[in-house]
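Please open the model in a viewer and follow the stops below in order. Each stop gives a selection and then describes what is found there.

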Amino acid sequence: MTRIKRGYIARRRRTKIRLFTSSFRGAHSRLTRTITQQKIRALVSAHRDRDRQKRDFRRLWISRINAVIRGNKVYYSYSKLMYNLYKKQLLLNRKILAQIATLNRNCLYMISNEIIK
Amino acid sequence: MALLCGSTSVRSQDLSVVPLDERWMFEESEVNGPDIWNKTWYPKAADHVNTDKPWYIVDATDKILGRLASTIAIHIRGKNLATYTPSVDMGAFVIVVNADKVAVSGKKRTQKLYRRHSGRPGGMKVETFAQLQQRIPERIIEHAVRGMLPKGRLGRKLFNHLKVYKGSDHPHEAQKPTELPIRDKRIQMTR
């Protein structure tokens, strides 16, 4: 059998992975074996966190709405607001309500007063 | 506050004077302002400078320990604000005075135990509420509030925003602290 060197095949594959990992810290962007592992971990985290992102933002919106609603009246809370919202069949979702709460608080008070009636 | 008047961006260009083949040069956010309906508000550095945060003062005389610590922790963490963000310190500073007069219900004064361990075998030290109040009264409120703040880097930083004092005077007059708004009616110990 003639001797065959592997040449540049492995290197070509690894430079693509190295490009992905180029902004990582320390050995995670320098050592070849660590680079392959870190790329896999990064992609796994990204996949998992894309689903978590939806959950996390909804939690944040709910906390912000709750903070503003409780600050307005005694014995009023996010849960009661949502109940009233559904009763009046208002289709505003939590994202929009949270942005209204942060940027234009009086508008949210107007909405909540309307739906309490 | 810039938050309340909506979009504060200055429209740098009115796109109607720009020829059609150059319109790609202008970003949507430059023309119409930031997209508030598709990007959740996140605080910029200017939104949480420590010098602009409110200072609150609370007198702990005859207030139930846990209920007081709960309201303090909520204000320090910023959970009562519309701008609440879990990753950013948006809360206020809280000063507690007369910490040695804080009250507990039931038999907790003699039965509640504060434990700490020095790390070495047999190094568990146990004290009752009354003993600790004699020794270092500030530590009672600090222990209570620390248990209610998040544990982590941010939580440790938040803990530094709590200032507890034994007597009724405090060195923070220059910050002009206001009364901490307390909504819990059962916080005051009724004899």
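Begin by selecting B:R116, which is partly exposed at a relative accessible area of 34%; here buried means under 20% relative accessible area, exposed over 50% and partly exposed in between, with a 1.4 Å probe and protein chains only. The model is predicted, so local features need pLDDT of at least 70 and side-chain atom pairs count only at pLDDT 80 or more, whereas totals for chains, interfaces and linings use all residues. Residues are numbered from 1 along each chain as its sequence is written, chains are lettered from A and ligands numbered from 1 in the order in which they are written, and side-chain values use heavy atoms, with hydrogens and water left out.

The side chains of B:R116 and B:E127 form a salt bridge (3.3 Å, N to O), that is, a side-chain nitrogen of Lys or Arg within 4 Å of a carboxyl oxygen of Asp or Glu. B:R116 belongs to strand 3 (residues 113-117) of chain B and B:E127 to strand 4 (residues 124-128) of chain B, so the pair ties together parts eleven residues apart in sequence. Helices (H or I, at least four residues) and strands (E, at least two) are DSSP runs, numbered from the N terminus.

Now select B:D184 and B:R67, whose side chains meet in a salt bridge (3.2 Å, N to O). B:D184 lies in the segment after strand 6 (178-179) of chain B and B:R67 in helix 2 of chain B, so this pair connects parts 117 residues apart in sequence.

Move on to B:K53 and B:D89, another salt bridge (3.3 Å, N to O). Its partners are 36 residues apart, with B:K53 in the loop between helix 1 (28-32) and strand 1 of chain B, and B:D89 in the loop between helix 2 (65-77) and strand 2 of chain B. B:K53 is buried at 8% relative accessibility, and B:D89 is buried with a relative accessible area of 8%.

Then display strand 2 (residues 93-97) of chain B, where five of the five residues are buried, so the strand is largely enclosed by the rest of the structure. B:F93, B:I95 and B:V97 point one way, and B:V94 and B:V96 the other way. Within this strand, B:I95 stands opposite B:I57.

Finally, turn to chain A and select A:N84 in helix 3 (residues 78-87). A:N84 is buried at 10% relative accessibility, and its C-alpha atom is separated by 8.4 Å from that of A:S112, 28 residues apart along the chain.

Terms used: Two strands pair if DSSP finds at least two bridges between them.
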